[in-house]
Amino acid sequence: MNREIRSYLPTFNSIWQSHKWPHMSESSRAVFRILIVTIFFVGGTWVVYFTGGTGYAYPYIILLPVLLSTVWFGLPGAILGAVVGGLLIGPLMPLDVATDTYQSTDNWLARIAFFVLIGIFAAGLFQSLRLANQRHLHALEVDYKTGLGTQAALNRDLKRLLRRRTQDNAPSSAILLVRMQDLWEILQAMGADIAEQVVKDLAKQMTQNIKIPHQIYRFSKSELAILFSVESQEEVARQEEVGVVFDIAKRVGEEETVVEGIPFRVQIVAGSYLIRDTDQNPEIVINRARTGLSVAIENSVPYRRYDPMFDQKTAERVQLIARVRDGLAKQQFQLFYQPKICMRTGRHVGSEALLRWFDQDNKMVMPGLFMPKVESTSLINPVTRFVIARACENIKSHDLRSVSINFAIENLMDSALIEDLGRIVASYGVCPESLEIEITEGALIRDPEQAKTAVRSLRDQNFKVSLDDFGTGYSSFQYLTHLPLSGLKIDRAFVENLEVSADARTIMGSMISMAKALKLEVTVEGIETEQQAKIVTDLGADLVQGFHYSRPLPLAEYQEWAAINHRHRA
């Protein structure tokens, strides 16, 4: 570790100086080792004597305590052990006990010299192994780019901490797991060296600002773990102390960090866990802090401390995901269709396919209960492929008009699905123009370049692509000029007050006019009254959908509705 890093990175043993780790003192350990070596020497000497003397093969059993001395005491132990061992079976040890014949001086002196050479060689070998092991441990436990302890070092220190807490009245401790949300963007824009320097500088600033004993670890490429002591005795006060450490980390991230003349700010999200006296497993401690972090990210908030309820919700989520997988296998899912109406002609021109789940008791599970969870897991892939397959089957077998389906963020990031979609649709005998893909702005925000590539690929395959829930996200307008979209869908939130609010009508008119200027087909969802339909028609909307026309319907009912609409408009 270089001097610069050593200057701000405290050793873990210095964190709680008032509490020694429970182990033997160095002097006690040395006495114990000397006792063990002495026992081996005495035992070896006894074996040599009672097996007939040095004229037999057993004298070399003395090499065992010599090597043991080498391991424990290094080169001095090797030399001293070799001399002591050589003397024990030297001038006073008979060559042959039975005949009381003693060995010559040259004999036992040569043996001592041989023992010393072996001891020196073994000392060098053990020292090389020891240094190699230290280098290996250092590589495992120290991030060489930042000088911070790694996840392996955190596990090691947590084991010691948890072991100590069971043996004395040590102060409470906590762990804060910090995610640097936009580090990936810095890495992509400025390169790995700049990103690593940003992490190093942030850790240094945190260390300088956190006044209580602590240690910072490089938990992952974009995460830091802070292990620190908590002095308060009351639960509420201790949690407030943990919150103070987060506030410091957040403030450090928000402050300008200048690297090579370029100022950076880093968005910090964190989860924490207050270590309990009953905790024994470092992995559980880390996982609970990570659970807090995951909940914070999922709820778009900067910080969450671990709550046991999170585990219950996670278990429920896992169970629900398992039920979804089982439901797919048992054909419990089906598509409902909500009609889309052309406002110029008043005719039904297509529909939006919406996934519905009926469990083993044939009761509908509301989409809001399972789709957000499915969208955040790898299960979204088979679910979306099911929707695509079922929509194509129904388009082909029931001659449905244009059907739109929803793509989650993970679907748009799935290059294999995007590239294969044209082939998948063609395998059902359906043309791409019959299937419209609706994407959300979240996918565009997550990775604009990849989203742009995916949309362009879909358009090249002749699929229509619309931006769903337009107006509810961030900077929606900027995407419309850069993406090869075919349409946009204005969210129902802008429809609710159309009848009573001039401002709402102005906003609606502006969005429709802007979309028209970009030659995009405009769909307004959430139409529930005749007056709302008339207003958006006058403002220039192309298509509408909503309960004023029909709720989402099972396939058979949708076909019946479409037939009635066709007869009325004929």
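Are E196 and R218 buried or exposed, which is it? Both are buried, where buried means under 20% relative accessible area, exposed means over 50%, and partly exposed is in between, with a 1.4 Å probe and protein chains only. I'll come back to that pair in a minute.

Quick housekeeping, then. This is a predicted model, so local features need pLDDT of at least 70, side-chain atom pairs count only at pLDDT 80 or more, and totals for chains, interfaces and linings use all residues. Residues are numbered from 1 along each chain as its sequence is written, and side-chain values use heavy atoms, with hydrogens and water left out.

Okay, salt bridges. By that I mean a side-chain nitrogen of Lys or Arg within 4 Å of a carboxyl oxygen of Asp or Glu. Searching the whole structure turns up 18 of them.

Let's start with R218. One partner is D143, with the closest N and O atoms 3.2 Å apart. That one links distant parts of the chain: D143 is in the loop between α4 (105-141) and α5 (151-165), while R218 is in strand β4 (residues 214-220), 75 residues apart. Helices here are DSSP runs of H or I with at least four residues, strands are runs of E with at least two, and numbering goes from the N terminus. D143 counts as buried at 15% relative accessibility, and R218 comes in at 6%.

The other partner is our opening residue, E196, whose side chain meets R218 at 2.7 Å, N to O. E196 sits in helix α7 and R218 in strand β4, so this bridge ties together parts 22 residues apart in sequence.

Next pair: E223 and R179, with the closest N and O atoms 2.9 Å apart. E223 is in strand β5 (residues 223-230) and R179 in strand β3 (residues 172-180), so parts 44 residues apart in sequence are tied together. E223 is buried, at 3% relative accessibility, whereas R179 is partly exposed, at 21%.

There's also a network: K340, E352, E436, E438 and K489 are linked by salt bridges.

D201 is placed in helix α7 (residues 192-209). Leaving out neighbours within four places in sequence, D201 is in contact with T257, V258 and V259, contact being heavy atoms within 4.5 Å.

On to the nonpolar cores. A core is a set of buried Ala, Val, Leu, Ile, Met, Phe, Trp, Tyr and Cys residues joined through side-chain atoms within 4.5 Å. The largest has 77 residues, and F370, I405, I439 and V524 have the most contacts inside it. Helix α12 (residues 380-398) gives the most to this core, with eight residues. A second, separate core of 33 residues includes V178, A195, V230 and A249.

Zooming in on I439, and again skipping residues up to four places away in sequence, its contacts include F407, L412, L444, V455 and L485.

Then there's S486, in the loop between α17 (476-480) and β16 (487-490). S486 is buried at 16% relative accessible area. Beyond its neighbours within four places in sequence, S486 is in contact with E436, R459, K464, V465, S466, L520 and E521. Of those, R459 is 27 residues away in sequence and 8.4 Å away in space, C-alpha to C-alpha.

Helix packing next. The axes of α2 (residues 26-50) and α3 (residues 63-88) come within 11 Å and cross at roughly 35°. Axes are lines fitted to C-alpha atoms, for helices over the stretch in contact, and angles run from 0 to 180 degrees between N-to-C directions. Residues making the contact include F40 and F41 of α2, and W72 and F73 of α3.

Last item, backbone angles. Most residues other than glycine have a negative phi. D100 has a phi near 55°, a positive value, and D100 lies in the loop between β1 (94-96) and β2 (101-102). At 51% relative accessibility, D100 counts as exposed. Q331 has a positive phi too, near 60°, in the loop between α10 (308-329) and β10 (333-342).
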